[in-house]
Every structure is written in structure tokens, then in C-alpha cells.
Amino acid sequence: MAKITIENDFTPIVHDDKNILEVNKLKKYFPIKDGLFQSTVGYVRAVDGITFNIERGTTMGLVGESGCGKSTAGRTILRLLEKTGGQVLFNGKEVHDLDKKEMKELRTKMQIIFQDPYSSLSPRLPIHEIIGEAVREHNLVPKNEYNEYIDTIMHNCGLQPYHKDRYPHEFSGGQRQRICIARALALNPQFVVCDEPVSALDVSIQAQIINLLKDLQSKYHLTYLFISHDLSVVEHISDTIGVMYLGDLVEFGKKEDIFANPLHPYTQALFSAIPIPDPTVKMNRVILEGNIPSPANPPKGCKFHTRCKYCKKGVCDVERPHMKDMGDGHTVVCHLYDK
Amino acid sequence: MAKGDGYISAKESRRISRENRKITSQMEKIKNRKHVDPSEYETKMKNPDNILEIDNLHTFFFTDIGTVKSVNGVSFDVPKGKTVGVVGESGCGKSVTSLSIMQLVQRPQGQIVEGSIRFAGEQRCIDIAKATTSVMQEIRGKEISMIFQEPMTSLNPVFRIGMQLNEVLELHHPEMTKEQMKARTLEMLELVGIANSEGVYKMYPHELSGGMRQRVMIAMALCCDPSLIIADEPTTALDVTIQAQILDLLRGLKNKINSSIMLITHDLGVIAEMADYVVVMYAGKVVEKGTAEEIFANPMHPYTLGLLASKPVVNKKVDRLYSIPGKVPNPVNMPDYCYFKDRCEMCVEKCSGQYPEMVKVSDTHYVSCYRYYDEGGVK
């Protein structure tokens, strides 16, 4: 059996001070183990070389179908998973090179809000403990101010002081998501990864949570990485948008550019699939054939060529396209825009 | 503990539970009778153009903390060959309405206590609310079929796809031979856009993706050429691109087999795209109904307005999303005034009176709100 090697070729980037986060050719592969000795027979290429920057105080939306690696990307950036290759610079420092002590310090600056507010809260802890546990661990506030601090955080996230001693099962979905947000913000972070924070909620509750996230952003000058499959929500909240397909970031740019002028065929199909709540609008829809291929065995060349209607035989199915800048930071990975 | 918080003493709970058992066992006895005169459940449709007429339906759950009025006086019609969209938040009773039509409400706790569901079958017209279990078994799957929300959990993991589809035919068409069944199943799989139908026939559910499984579910629902298909959130668990595929498929199928669809969803975008008529539900009641154009161009009930405003729309810029204040009232302890009053920002004086009745705005557009009482000219 041939030995499987992971290529790790990237040119290191120079830190620009306006960016809080710089991701360069980030890769995360999960080994597939098989056989008697559990030897590695292949890799699931969950994140396969993505590159983007997030400026301070802005929101980047990351969209894509399920299984395209957007959640894995979010977790690898936070070092909840170890990277396979590439760079993640947070404030100019490589996150994956820090030692344990430095990492603990950094944890307070980067936080995450999970998708499912039902399974991400411990059922045996009261709310003040859920929110305050990490605050005490990191000694963020003196002991005599601790109670007041928790009260302020809860108030800012729309929770009442009498909720303090209750347990998660006593709350509705929307309130639980508020608790998750309070828990993340209690550490006074600079950067928050929101991993589908509103997908499990009803429409009217969704609106409340989105408004809350926006208010908190302007209040604390936060930077968000907003992962979602709901394009209308992403369009509402983001400043820049990245579109992922099978571990690749196929298009990245400002929200206005991407929505007004989607370049990649996948982005075009994805955007035309959004149902619009207006029966008078009849749109010509690009319907994608087939399913998303397996990330363990992605198609050769451009990964999208199996479902792409502009596919050029002999080019798209052979050569992997490179990232091209179409002006104003709008990048696309597609052979259609080769010169 | 304060009342209305959902806390009750153990003694109180035991008392309620005893009473519930009395009520439900009586209802179960009526349902499970073997020999029933057909005149009991056969009725006539009010309008021959309708395939289904739901009239003042009440479906209650008798739980140990009190009676939950999940569906509390719902009335609407499904015309032949049309799509009716039912929209509302979780817990508003839209799924229970559809389960009531199939008589699949969890028994004995869940019971249809009042009202009628008239269904125009092939030979006769039946009131499903009064039909016995044996009558229902003939209709269910044959004349009315249902597509469930989660294709992951609604297929049996230990049987092959082909066998699960054949089972439907075995039950409803005992005269068919095995070869005929297989031919029919393969035809159905091709109809829903599965290219490799012979291969899928032999597969197990875990070998298929979410979109494919939902296609199998649709094929299963279509096996016996039903005249009414109930789709309970058919695309909620799917990605947008797969959702577009499935909606496209449903639209195409409706024209091919000429049946009516009752589409239940919380996504207003899906409703706008698919439905001819829209029913908006809130806390077990219909608050507004009309054609899709009327509801989206001229929404009248404050809840419909709030629902439309709280969803972000692509290419429409708003700084802040509207969010409906407050939360849905406790289903055990509903207020006696308009259920939406506590969250409504357009209250008028009359709102603290009894629950408003439906006001006719146009021939097809009805709204249950006091703000339109003078304009509507009903009262």
C-alpha cells in the first residue's frame, strides 16, 4: 500500500494590524482507520486549504451545505481541533503554536456559541454557575464584584436576575441560546465563533437572537465568525461572506459584491435556491443535480465539476483551480475566470 | 408555587390523571367498536370542489398537568388539486392538525373531542373524526398519505427500501402479484427522480443521503395514488439546494398525478413558493387564512405581520429585525381573551373581550382580529 502523504505547502503571510484573524491555507484532515492494526487508509478532507481574513469589529458569514466543513473550520480556528496544515493568526500570533499557559490566556479572547442550546448546557448546573464558571477559573473579576458582574452580563443578554438559580430545563429554546451567549461573553472576548446559533429556533425567536447579537457587537466591539446554512440570516448579519464547498472556500468577498454578483457557479446555485416569501416573484432557479460527493474521496480537479453546468472537459476535471482576485477583495476559485 | 407556572402538587396531578383516564377510556371504547353502522361516519361534503373540509376541529391532550388544547377550533378547506400551506411556530398545533387528519394522534392521551374532518374518498365521503380504527386503516396510506419531517427516523433501518415500499402495496392492493409490486415500486422510485432505481430497491436506508431518503418517503406516499398528500415539514431537515430539488419535485408531481397537497412548514419562503392557499396558525387556532397572494400582499393579523417582518429577506435591507415581544401563552392555561393580545402592539379596547371570531375580508380571505370588525361588516 502506498504511503499517504499530506502536502503542506503554503507561503507564510505577514500580519496586517487591521485584521483580528488571518487564516492561510488551513487544512484539517481526519484519518480513516481500518484493518487489524487500525492503520490509516485515507483521510477525510474536511477543511482543505482555506484562506481568508476577518477585520476587527466586522462579521464574516460562512455558508455552505451540511458536510462542507464549515463547523470544522470554526473549531480548528479556535484550536478545539488541531490543524493538519496552514496558518491561523489571531492578532498576529499563530494559535496552534502556543503552549498550554498561553493558550489558556487566549481562550478568554476567543469564544464559541454552539448550534444546539439543548445539548450544550449542562443540565446539572444552575445558570449563574454556567455563566460564571469560566470567569472564576480565569480570575477575571475580584471576588467581591463577582455577583454584580454576572448580573450585568445576564442583564445585557436579556436575562432576568431571578433566573440565576434556575436550571437549563426551565428555559425555552430562545432563552437557552441567550444563556449560551452570556456564557461566551462573560469572558469579555474579542472574537466569537457563532456556529449556527439560530438554526434550532423559531422565526420570531431567531429575530430576537440576531438583534441581540448585533447589539452586543456594537456594545463590546466584537468580531464574529457566523457559520450558518441560512443565507438570508447570513446576508442580514454579515459584512463579508465566504462560501464553502467540500472543504474549499470557493468564493469570498464583501456581502454586497457576493450577493449582487455571485461569480462561482456553486454560489449562483446556492443563492437561487433560497425561497423568497413573495408569491409574485418567479425566479429562474439553478437546480443542482445529484448530491455532495464524499470528502474522503473528492473528485479530481475542481471539486465542483461533477455538478457544474459550465464544466469544461479537460480543464475542470484535471487541474485544481487557484484563487483569483476579481478586484476589491472579491476572490473566486474557478477555472471560468482564468485569463 | 404560583399557579400557572406549570407546577402542581402530586395529589392534584393524581386527581387529574384519574379523571383523564375516565374520559379517554370512554372515547377509546367508541373508537374500537367492531361493528359500526356506516351511517355514523358517512357524511356529505359542503362543497363538492373540496377534497377535505376541517370544521371546528378540537384535538386535546389529556396530560397529568391538565388538558392541553393543541388544536382548538380549527376550520379550513383543501380544494381539489390545490396546495394549502399551513404555517406557524412550533407548538402552534399545525402538526397535530395533520396527525388528526390521519388519526395518528398519540392515543389514548390525544383525542379528537369535537368537530369534523370531512374527506371526499373515492366511493364515499367520510368524517374522519368519527371513523373507527378499521375504516381508517383502509384510508390511511391509500387515499390520504403523509410525508414526515425527518427522513432519517421515519424509514425502518433494518429493511431494504424495496421491501418497505412493497409493504404499502401489499396492504392496500392484496390482488397484486410480487412482480407487479416490484414493477410498481421501481416506477415510483423513477417518478421521484431516483435514477438508479434497481440499485436503490436493494439498499438499506443508511446507504442513502438525506435528500434521497426524502425522495423514498415521497415515493412511498405516492404508491397508491392518494388524492390528498400531507407533507409535514418535508424540507426542514434538508439543505437549501436539496430543498430546491424536493420542492421542484413536489410541484412537478402535483401536476402529474393531480392530487391535493397540504404543506405544513414554518418557512414562509417555502409557503410563498408552493402554496395556493395559506392558513396561519397561532396557539391552536387559525388566525388568518386566504390565498397566497392575499396573505403576502396584504397580511392583516398582527401575528402574520410580525412573522413576515421577523424573517430576514435577501436583497432587502433592514437595520433591525422586528421581533414579536413576549412568548406563546401556556397551553394548559389559555387566557379567555385573544391569545395574541399579550404580545400584540396594535391592541384595541375590544381585545380584552372574548376571543374574536373570523372576519370575512374577501371571498377567500378571513382574519380573526378585532381591528377589522367594522371594515369586515360581520359585526
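## Chain B and its contact with chain A

In this predicted model, 36 residues of chain B are in contact with 30 residues of chain A, where contact means C-beta atoms, placed from the backbone, within 7 Å. Residues are numbered from 1 along each chain as its sequence is written, and chains are lettered from A and ligands numbered from 1 in the order in which they are written. Because the model is predicted, local features need pLDDT of at least 70 and side-chain atom pairs count only at pLDDT 80 or more, while totals for chains, interfaces and linings use all residues.

**The side of chain B that touches chain A**

- Helices α9 (240-257), α10 (268-274), α11 (292-297) and α12 (302-309) of chain B each give at least two residues to this side; helices (H or I, at least four residues) and strands (E, at least two) are DSSP runs, numbered from the N terminus.
- The largest share, six residues, belongs to α9(B).
- By type, this side has 15 nonpolar, twelve polar and nine charged residues; Ala, Val, Leu, Ile, Met, Phe, Trp, Tyr, Cys and Pro count as nonpolar, Asp, Glu, Lys and Arg as charged, and the others, Gly among them, as polar.

**The sheet of chain B**

- Eight strands form an open sheet with mixed pairing, in the order β6-β7-β8-β3-β9-β10-β12-β11 (chain B); two strands pair if DSSP finds at least two bridges between them.
- At the edges stand β6 (144-147) and β11 (359-360) of chain B, each with a single partner strand, so one side of each has no neighbour in the sheet.
- Six bridges join β9 (residues 277-282) and β10 (residues 285-291) of chain B in the antiparallel sense, with Val280(B) opposite Glu288(B).

**Helices across the sheet**

- Helix α2 (residues 94-102) of chain B lies across β3 (83-87), β6, β7 (228-232), β8 (260-265) and β9 of chain B, at about 145° to β7(B); axes are lines fitted to C-alpha atoms, for helices over the stretch in contact, and angles run from 0 to 180 degrees between N-to-C directions.
- Helix α8 (residues 210-222) of chain B lies across β6 and β7 of chain B, at about 175° to β6(B).

**Chain B as a whole**

- Chain B holds 13 helices and twelve strands.
- Its C-alpha atoms fill a box of roughly 70 × 55 × 45 Å along the principal axes.

**Confidence in chain A**

- Chain A averages a pLDDT of 88, and 98% of the residues score at least 70; pLDDT is the predictor's confidence in each residue, from 0 to 100.

Definitions and conventions
Two residues are in contact if their C-beta atoms, placed from the backbone, lie within 7 Å.
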